[in-house]
Amino acid sequence: MAQLKLEKRGHTALITMANPPANTWTKETLTQLRDAVKSLEQDKTIYALVITGEGEKFFSAGADLNLFASGDKAVAADMSAIFGEAFETLTAFRGVSIAAINGYAMGGGLEVALACDIRIAETQAQMALPEAKVGLLPCAGGTQNLAILVGEGWAKRMILCGERIGADKALQIGLVEEVVGTGTALEAALRLADKVAEQSPPAVAACKQLIQKGRSAPVQSALPLERELFVKLFDTKDQVEGVQAFLQKRKASWING
């Protein structure tokens, strides 16, 4: 039985973590995630990606700690490398990635959600980066992506103090963008993904690039790039289609180019 399931629903790809009982990450599933996102990157019919966990209790509990029980540094280096490759590939995906957090999201399970563009959590969801409690640290983007979303203070509370938070608190501090009822996160994420299909794919890719540029470059360098990418969109057929569709009061038909 596949531990990482991929299906395509129209213009949306759905990735389901399916490694019971807690949907933990392994080297194999992380490699599959990296390769799946790379494949979706090349599929011009896919505009959005939704990731969720199988079952009712766990989104993902992160890495299986049995992997690190021996204290083997080579294993640690190997796992941290594939965690980084997988989640950084997800962050760089040209389309919109949405995490449907349907239960516990712990450690690397929260980090995969942090690597997405948008997070929707069910009301019973619990989130934490508890690595320091077992002598480790979140090495799959957690220290950086969490601070970007919630600020340094709450990042330190969650990482340095090991504080676990519920969905309502996550919404309050900006860790998630929406809280929905139990059992409805996937449905809400797929609805949002359908909205992405109404946007021009080249425009979405350019906008995402610009928004995320603020993580590594000052605004003074991003603003000229913003104007440059705006003009470059006039090389695309979707730009002509989008404006014409609006003026003609009809729905645009994107070709992703």
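**Reading the domains, strands and pairs**

Reply: In this predicted model, the C-alpha centres of domain 1 and domain 2 lie 27 Å apart. The contact between them draws 11 residues from domain 1 and 6 residues from domain 2. As for the bounds, the domain assignment places domain 1 at 4-197 and domain 2 at 200-248.

Me: What area is buried between domain 1 and domain 2, and what share of it do carbon and sulfur atoms give?

Reply: About 650 Å² is buried between domain 1 and domain 2, and carbon and sulfur atoms give 54% of that area. On the side of domain 1, the residues that lose the most area to domain 2 are Thr91, Arg94 and Ile148, which together make up 48% of what that side buries.

Me: How many salt bridges does the rule find across the interface of domain 1 and domain 2?

Reply: The general idea is that side chains of opposite charge can pair when their charged atoms come close. Across the interface of domain 1 and domain 2, the rule finds 1 salt bridge. A salt bridge joins Asp117 and Lys208, with 2.9 Å between the closest N and O atoms. The interface of domain 1 and domain 2 also has 5 residue pairs in polar contact. Helix H2 (73-91), strand S5 (96-101) and helix H4 (142-160) are the elements that each give two or more residues to the side of domain 1 that touches domain 2. By class, the residues of that side are 5 nonpolar, 4 polar and 2 charged.

Me: Which salt bridge within the structure links two helices?

Reply: The structure holds 12 salt bridges. In one of them, the side chains of Glu85 and Arg34 meet at 2.5 Å, N to O. Glu85 belongs to helix H2 and Arg34 to helix H1 (residues 27-42), so this pair ties together parts that are 51 residues apart in sequence.

Me: In what order do the 4 strands of the open sheet stand?

Reply: Strands of a sheet pair through backbone hydrogen bonds, either parallel or antiparallel. Here the 4 strands of an open sheet follow the order S4-S6-S8-S9, with mixed pairing. Strand S4 (58-60) and strand S9 (165-166) stand at the edges with a single partner strand each, so one side of each has no neighbour in the sheet. Within the sheet, strand S6 (residues 104-106) and strand S8 (residues 126-128) run parallel and are joined by 2 bridges. Ala105 has Met127 in S8 as its bridge partner.

Me: Do strand S1 and strand S2 run parallel or antiparallel?

Reply: Strand S1 (residues 4-9) and strand S2 (residues 12-17) run antiparallel, joined by 6 bridges. Lys5 has Thr16 in S2 as its bridge partner. S1 and S2 form a hairpin with 2 residues between them, and Gly10 in the turn has a positive phi of about 65 degrees.

Me: Which residues does a cis peptide bond join, and where is Asn23 placed?

Reply: The cis peptide bond joins Pro20 and Pro21, with omega at about 5 degrees. Pro21 is placed in the loop between S2 and H1. Asn23 is also in the loop between S2 and H1. The phi of Asn23 is near 55 degrees, a positive value in a residue other than glycine.

Definitions and conventions: Residues numbered from 1 in each chain as written. Predicted model: local features only at pLDDT ≥ 70, side-chain atom pairs only at ≥ 80, totals over all residues. Heavy atoms only, no water. Domains from an automatic or database assignment. Contact = heavy atoms within 4.5 Å. Buried area = accessible area lost by both parts, 1.4 Å probe. Salt bridge = Lys/Arg side-chain N within 4 Å of Asp/Glu carboxyl O. Polar contact = N/O pair within 3.5 Å; in protein donor to acceptor, adjacent residues only side chain to side chain. Nonpolar A, V, L, I, M, F, W, Y, C, P; charged D, E, K, R; others polar. Pairing = 2+ DSSP bridges.
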